[in-house]
Amino acid sequence: MAVSEVFKMKKIAIVGIARDCELSLIRFYNFVEELRKEHAIDIFIYENDSKDDSPRIIKKISHEYLCEIHNLPKLPQLATYERADYLAGCRNKSLGLIDGSYDFLVISDLDLFKWPDPTRISYNIDMMGRHEEIAAVTSNGLDMHEGREIYYDSWPILNTDNLNIPGAYFDPPKKGYHDVNSAFGGLAIYKFDICKNNDVSYAAGYMTDIDGKVRPSSDHTYFNKQLIDLGYKIYIDYE
């Protein structure tokens, strides 16, 4: 899939959090190597109390890229206000490390089961560059569940009615772009200037799900809500 020459060689800041994900980090390294054939890449990694070989792999990556490493203690329990608040603080600190000028910001967890095709990342960057109203495109976020690939990251999702879809796993819609008010899926591409110029940041909060229950929201939900409130659009890329 060809990417227009106009949007090649963009400068991208990749910000990630890693813990006990040595195999995924090797795939991440290969992913970045392919991506930097078309773009300039800087990496900022928060390493989170790993017990496996993740720290050594991150150090290897840091020798080849501008890569900041910051160690974190163990994360709080899943899907709680405390976890969202803790991660929000970590992500805001990592964003604060970025003092240069970039075209795009890629926020990623580094334990992904399946990394996106770098060509698809470039295609999305091209598409976002041609549409001023699009602030973010998020990953398909696949994981293995009972022997099949299923979209797993429901916690950050808000549909266009601003409601969450509860449940750890669900089948994704048809292929293509899906309009949402919030999503993450393990990786999201943002326009850097929109985030920087509007001081977009992470925070914990609460949300309402489709059953009417109020519960803690993901740190990504607050970040994305600011973009929606500014009048921008966010899409999940299901290709």
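Visitor: Where is D199 found?
Guide: D199 is found in the loop between α5 (192–197) and β10 (205–208), where helices (H or I, at least four residues) and strands (E, at least two) are DSSP runs numbered from the N terminus. Keep in mind that this is a predicted model in which local features need pLDDT of at least 70 and side-chain atom pairs count only at pLDDT 80 or more, while totals for chains, interfaces and linings use all residues. Residues are numbered from 1 along each chain as its sequence is written, and side-chain values use heavy atoms, with hydrogens and water left out.

Visitor: And what about phi of D199?
Guide: Phi of D199 is near 50°, a positive value in a residue other than glycine. D199 is exposed, with a relative accessible area of 64% (exposed is over 50%, buried under 20% and partly exposed in between, with a 1.4 Å probe and protein chains only).

Visitor: Which loop holds N162, then?
Guide: N162 lies between β7 (148–151) and β8 (177–180). N162 is not a glycine either, yet its phi is positive at about 65°, and with a relative accessibility of 37% it counts as partly exposed.

Visitor: Switching topic, how many residues does the largest nonpolar core have?
Guide: That core has 30 residues, and I14, F28, F31, I43, L110, L187 and I189 have the most contacts inside it; such a core is a set of buried Ala, Val, Leu, Ile, Met, Phe, Trp, Tyr and Cys residues joined through side-chain atoms within 4.5 Å. Among the elements that give two or more residues to this core are α1 (22–35), β1 (11–18) and β2 (40–47), and α1 provides the largest share, 6 residues.

Visitor: What is F28 in contact with?
Guide: Leaving aside neighbours within four places in sequence, F28 is in contact (heavy atoms within 4.5 Å) with I14, I43, I45, I61, L110 and W115. A second, separate core of 28 residues includes V180, Y190, I194 and L227.

Visitor: At what angle do α3 and α6 pack?
Guide: Helix α3 (residues 81–96) and helix α6 (residues 219–229) pack at about 55°, with axes 8 Å apart; the axes are lines fitted to C-alpha atoms over the stretch in contact, and angles run from 0 to 180 degrees between N-to-C directions. That makes α3 oblique to α6, since under 35 degrees is roughly parallel, over 145 roughly antiparallel, 65 to 115 roughly perpendicular and the rest oblique.

Visitor: Which residues meet there?
Guide: From α3, A84, L87, A88, R91 and L95 meet D219, H220 and F223 of α6.
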